[in-house]
Amino acid sequence: MTVESTAARKTTRRSSGTKRTASASTSTTRKTSAGAAEPELVQLLTPEGERVQHPDYDIDLSAEELRGLYRDMVLTRRFDAEATSLQRQGELGLWASLLGQEAAQIGSGRALRDDDYVFPTYREHGVAWVRGVDPTNLLGMFRGVNHGGWDPNSNNFHLYTIVIGSQTLHATGYAMGIAKDGADSAVIAYFGDGASSQGDVNEAFTFSAVYNAPVVFFCQNNQWAISEPTEKQTRVPLYQRARGFGFPGVRVDGNDVLACLAVTRSALERARRGEGPTLVEAFTYRMGAHTTSDDPTKYRRDEEREAWEAKDPILRLKTYLEREGHADAAFFEELEAESEALGKRVREAVRSMPDPEDTAIFEHVYADGHTLVDEERAQFAAYQASFADGEVK
């Protein structure tokens with residue numbers, strides 16, 4: 001299975017120069033012809049794979065570190081593709097793909113320290129990967145055989161949150177707590193453009209600003225809140241909303257893993273210094289469906305997707321690695337083999353997951369048990385036992 005976008009591979013690649021100063025397209029201060037400010041965008045690697053510099057967020061990485069970022073994105077995409085296939089085969093009940101958002105997640109995830117804490121949504125498979133969560137643990141929840149599958153405190157990576165936006169409040173409260181404890185670690189909360197319209201997110205903004213909480217709000221603006229485009233959710237760019245709450249916001253090219261790493265690292269360092277929250281808007285695109293139950297052809301045009309395919313985050317970094325001689329054919333061949341091995345491991349692990357006991361759903365609802373839950377468990381057990389073979393048909 002290829003790890004690149006076929007359409008993106010056909011785009012024209014620039015071959016002149018390895019670095020250039022940020023142009024008008026990457027500047028942090030742009031004006032329209034009418035004098036109004038345009039949305040700012042931090043970019044360090046263009047869609048053509050050309051390295052550019054930024055006055056505030058430039059970053060220097062070794063060839064090994066660059067290859068590591070590329071490997072993370074390739075393996076995350078391979079895992080995501082396998083999970084989508086497994087759902088189509090009836091092995092998972094649902095899957096939320098991250099296709100196209102690999103740079104936003106890997107870049108921001110690699111900016112974290114081990115002692116930082118992550119509060120994800122249900123799509124942060126790339127962040128889970130860099131935090132050391134086994135990919136097969138993510139799939140247990142979507143298969144319906146567990147309630148999460150990992151210990152959040154082992155990797156400082158909270159369980160997936162299905163309720164839209166509520167994790168931002170959890171992150172804010174946690175950040176306020178570690179600040180009171182005197183820790184110098186930081187917290188990051190992931191959410192999407194649709195969640196930015198939720199009351200919970202705005203309440204989190206208020207509390208984090210007032211209490212100067214060491215939290216980074218990382219919004220992956222993938223342009224669509226299921227079938228609602230961003231322009232139907234806000235009159236201003238999302239990162240500018242932070243101004244109303246009293247803390248800074250920045251928009252970064254969400255398909256540029258270098259820029260996402262640099263901007264997130266800066267925001268986390270700011271939080272650790274006691275300077276409060278930051279809103280990072282990763283301007284990216286959801287290449288696939290919202291989840292496997294969604295059909296994006298009903299509400300968006302193929303031309304839009306094709307335009308974003310030309311900005312593929314994996315292809316642009318591969319182009320840069322090849323141009324600079326940071327990776328050879330052997331590296332890409334070995335990585336392709338590794339990605340196929342990962343797909344096979346995930347496939348076999350999912351199909352061999354044992355089904356939980358029928359009454360397991362009643363466990364751990366309350367820490368000390370509850371009489372009503374006990375009654376419901378007994379009723380359910382009696383219902384199951386009413387069938388001759390012990391199973392509901």
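Arg78, Glu82, Glu340 and Arg347 are joined in a network of salt bridges, a salt bridge being a side-chain nitrogen of Lys or Arg within 4 Å of a carboxyl oxygen of Asp or Glu. The structure is a predicted model, in which local features need pLDDT of at least 70 and side-chain atom pairs count only at pLDDT 80 or more, while totals for chains, interfaces and linings use all residues. Residues are numbered from 1 along each chain as its sequence is written, and side-chain values use heavy atoms, with hydrogens and water left out.

Of its 393 residues, 50% are buried, where buried means under 20% relative accessible area, exposed over 50%, and partly exposed in between (1.4 Å probe, protein chains only). Contacts are defined by heavy atoms within 4.5 Å. Among contacts between residues at least 6 apart in sequence, 75% join residues at least 24 apart. The accessible surface of the chain comes to about 18000 Å², and carbon and sulfur atoms account for 49% of this surface; accessible areas come from the Shrake-Rupley method with a 1.4 Å probe, and for residues only the protein chains shown count as cover.

Side chains of opposite charge can pair when their charged atoms come close. The whole structure contains 23 salt bridges. One of these is formed by Arg77 and Glu102, with their closest N and O atoms 2.9 Å apart. This pair links distant parts of the chain, Arg77 in helix H2 and Glu102 in helix H3 (residues 102-110), which are 25 residues apart. Arg77 is buried at 9% relative accessible area, and Glu102 is buried at 0%. A salt bridge also joins the side chains of Arg143 and Glu91 (2.8 Å, N to O). Because Arg143 lies in helix H5 (residues 135-143) and Glu91 in the loop between H2 and H3, the pair ties together parts 52 residues apart in sequence. Arg143 is partly exposed, at 24% relative accessibility. In a further salt bridge, the closest N and O atoms of Arg316 and Asp253 are 3.0 Å apart. Here the linked parts are helix H12 (residues 313-324), which holds Arg316, and strand S8 (residues 249-253), which holds Asp253, 63 residues apart. Arg316 is buried, with a relative accessible area of 1%, as is Asp253, with 7%.

Glu124, in the loop between strand S3 (117-119) and helix H4 (125-130), is buried yet has no salt bridge, and the nearest side chain of opposite charge, Arg123, is 6.0 Å away. Lys and Arg count as positive and Asp and Glu as negative, whereas His and the chain ends are not counted. The side chain of Glu124 makes a polar contact with that of Thr121 (2.5 Å); such a contact is a pair of N or O atoms within 3.5 Å, and within protein one must be able to donate a hydrogen and the other to accept it, residues adjacent in sequence counting only if both atoms are side-chain atoms. Beyond residues up to four places away in sequence, Glu124 touches Gln105, Phe157, Tyr160, Tyr190 and Gln220.

Phe207 is located in helix H8 (residues 199-210) and is partly exposed, at 43% relative accessibility. Leaving aside neighbours within four places in sequence, Phe207 contacts Thr172 and Met176.

Key
Helix = DSSP H or I, 4+ residues; strand = E, 2+ residues; numbered from the N terminus.
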